[in-house]
Structure formats: structure tokens, C-alpha cells
Amino acid sequence: MLKQFTEHINTNFSFLREKRLLLACSGGIDSVVLAHLAVGYGLEVTLAHCNFNLRGKESDGDEASVRNLSNQLKIPFLVNSFDTEQYVKEYKVSVQMAARELRYKWFDEILGTERFDYVLTAHHADDNLETFIINLSRGTGIDGLLGIPAQNGSVVRPLLHFSRNAILNYAKKENIKWREDSSNAENKYLRNKIRLEVVPKLKELHPTFLENFLNTQNHLSQTDALLKNHIGEIKNELFHKTDNHYKIKINELLKLQPIDAYLYQLLHEFGFTEWDNVKTLLTGNSGKEVRSKTHKLLKDRTHLILRKREDQKNEVFDISENATSIDFPVQLKFEEVNAMIGASRNVVFLDKEKLNYPLLLRNWEKGDYFYPFGMKGKKKISKFFKDEKVDMYSKSKQWLLCSGDVIIWVVGKRMDERFKVDASTNSILKITLLT
């Protein structure tokens, strides 16, 4: 198996050579065999063991076993002890989820503080089959059918194409000692039920079931690559980057069929799950919005606008009378001048004596109104935005410069008539929006 492992690393994971690697080792057969193979190949590994303190003396025995393994292989050893039960109570997650979160959180910390390059885990082909069946039973797309990825960021799984049986045979042949986790024999967990009851039946039906499964996954992986290339081309055509968001033409999107499948492929990476609501946006009214944990998708006339969520509370910034400039949240320059030269959307001239200090800079709110320069009468900011064809996301980022409760300037767009310079003005304040 070492020869096969060597060929596998050389072909698929050559980037691991001469890197500092953290090897997650529970003391079980899979991770112990991986440690022996990694050392046999010549990889620079450090064993990392998580003691979850869930099985009393058995957990401590696992830790001692991995420590002995590090001494035997003459490689470094790191260990962390967790109060897993307290984590379960505090965060209201399952024991399995708690262990997973604690494990990978610690690995991330070590990668940063100890400057390791990658984490190696000992997932193998049978683990992959179990994951495939779990995903299939719950309902999934092609991503779920692909199972466990061989690499996910800094986590690498070099045993993924080796079977549990091959690992067991190697361990016996090399007289490798390992620890048996008693919980693996319990049927109360879904994965254990699949491992102990379902998979043996499948292998009984067809002796080469696992190999056939790996071939099928290889075909699925190639199909997935074709799909991703196609979706990438579609995205390049439809997703138009504007500042910090994307605009997507709805009429072009509607030409894609089947639309449900395209919507999923184009948008699932942004965290959306409510696909009926996403589809409704295509024919819904402007202003309708669907949110994921990370992004917003908004219907704005003829486009969908996709943007990261910020969800920050509106803030108000004071500007003192002696301020000459501010850099945040927008860059403004203030200066007293004798004449009005160069007025524009980004440069306004105000009668300074009509201002009450400190001036306030805030986001627009529903119900805001002002008296647009050059016009008679007031207008709601929302109506002004509509006339100016300002999209919803730009509205959410719009700043208003105010004197008390009165709007002086819709920054970068239009000043208020009430603050204009006239024949009675003694002091002219020039404000420039620096872009």
C-alpha cells in the first residue's frame, strides 16, 4: 500500500512535499495508518489529537496511544482537551456537530499560529460511500453526490481512494497497533447504521460495489466540471459588476431553460435556499428582495441586483463648523470661498449663515423630503430616487447632509433650494465630494 500511496501523492498531491502538515489523528486505524504512510513517504507531519472527553478513561487511552505513536514515528505531537458536553449545552448542537466544530476550529488556530500549510485527515473510500448514501437519502444535487472532496481549502484527504479493507490489510501486514472506538459499534447514529447495516448489504449484492461507486463518482466529477465550465460562461455573460454588486438582466435570465436548474447553479454559492422566492423575483414587483445569510437579491425594474449583506445600523456623523474635510463615511472637503465656480453634482455652494452646526451626515430614511435646487415645492427623497432611476442598493448607500432635521444636500446628486446662495449671502461655503 505504501507504493500505491507514494504514486497517489506524486500524481495528485505533489504540492504536499516539503510542506508543514498537521495530521489529524484520533488513534483509530485510519489515521494511524495515514501517519505511518506519511512518514514512510517522507512528508513532514505533526500529529494533532483532539480529546473530547466523552468516553472517560477510553478517551484518555486514545490520547496516550497517539502520544506513543508520535514517539514511535519520531514526529511532533499536539493535543487539545475539550469540554464537549458543555459546548453541546451552550450551543445546542449534537455531540457529533460539537466535536466537528471544536476540531476544525482548533485546526484553523494551529494553521495560523504554528504556520502549518495543510491539515491531513484520514477519510477513505468507504467514508465517501457512506456520505454519498446519507446525502442521497436526504435529497441532493450533483454536489451532494460527489461526496467528500479530496481537498477543501487547507484540508487534504490523501486516503480518499483507498478502501477500509485495504487500510485494514496494510495495518495487519505491518503489525500496526490502533485503538477501537467503542461508539463505532453503536447503531444510534445514522452513519453507523449505514456503515454496519446498509453498506455490507450493498457489497453483498455486488462484490465490486465500492470500485464501481468510485468509477461512478469519477464520471460525476467530470460531468460536474463540464457543468461548472458552462455556468462560468453564462455568469460572464449575465453578471455585470457595478461597484460592489452585480446586475443581472432578467429578460436574459428568463431565456435559460430549465430556469429552476439555472437559478440554482448560478446563485447557490451565494447561500440562497428559498428557490421559489428567488424565482418569484423574476416576475415580481420592483423592490422585492430575497436574502441569504450572506447576500441580498433584489428586483429592480429590469434587473436582479446581487450584493453582500451588510446589515449595519444607520449611523449619524457630526461635522463641526471648523472642519475642513472628512474621510469617512464619504470624503468631503469644506472651504469658504468668495465666488461660485464649478458647481456640479459633486460640488455645491451654500449660504453658510443658513446652516446650524454641527452638520449631520446620515443615510436616507423613509419619509425624508427636500426642496430640490431649481424647483418649486418639496419632493420626497423616494420620489426623487425614482425619477433619477437610482437602484435599490444605491439608495441604501445614499448619504444626506443635514442641518438639524433639514436636508441640505442629497450628497452627489442635488442640493436643497433653501440653502442656495443669493443676493443677501455674506458667507459662501463650498463643499466638494471627493470620488
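Good morning. Helix 6 is largely enclosed by the rest of the structure, because ten of its 14 residues are buried. Buried here means under 20% relative accessible area, exposed over 50%, and partly exposed in between, with a 1.4 Å probe and protein chains only. Helices (H or I, at least four residues) and strands (E, at least two) are DSSP runs, numbered from the N terminus.

The model is predicted: local features need pLDDT of at least 70, side-chain atom pairs count only at pLDDT 80 or more, and totals for chains, interfaces and linings use all residues. Residues are numbered from 1 along each chain as its sequence is written, and side-chain values use heavy atoms, leaving out hydrogens and water.

Helix 6 covers residues 125–138. Among its buried residues are Leu129, Phe132 and Ile133. Against what do the buried residues of helix 6 pack? They pack against helix 7 (142–145), helix 8, helix 9 (190–205) and helix 10 (209–238). Just after helix 6, Gly139 takes a positive phi of about 90°.

I turn now to the core. A nonpolar core is a set of buried Ala, Val, Leu, Ile, Met, Phe, Trp, Tyr and Cys residues joined through side-chain atoms within 4.5 Å. The largest one has 34 residues, and Leu16, Leu23, Leu47 and Leu159 have the most contacts inside it. Helix 2 gives the largest share of this core, eight residues.

Finally, Thr432 lies in strand 22 (residues 428–433). Thr432 counts as buried because its relative accessibility is 14%.

How values were computed: Expected span 1.5 Å × (residues − 1). Contact = heavy atoms within 4.5 Å.
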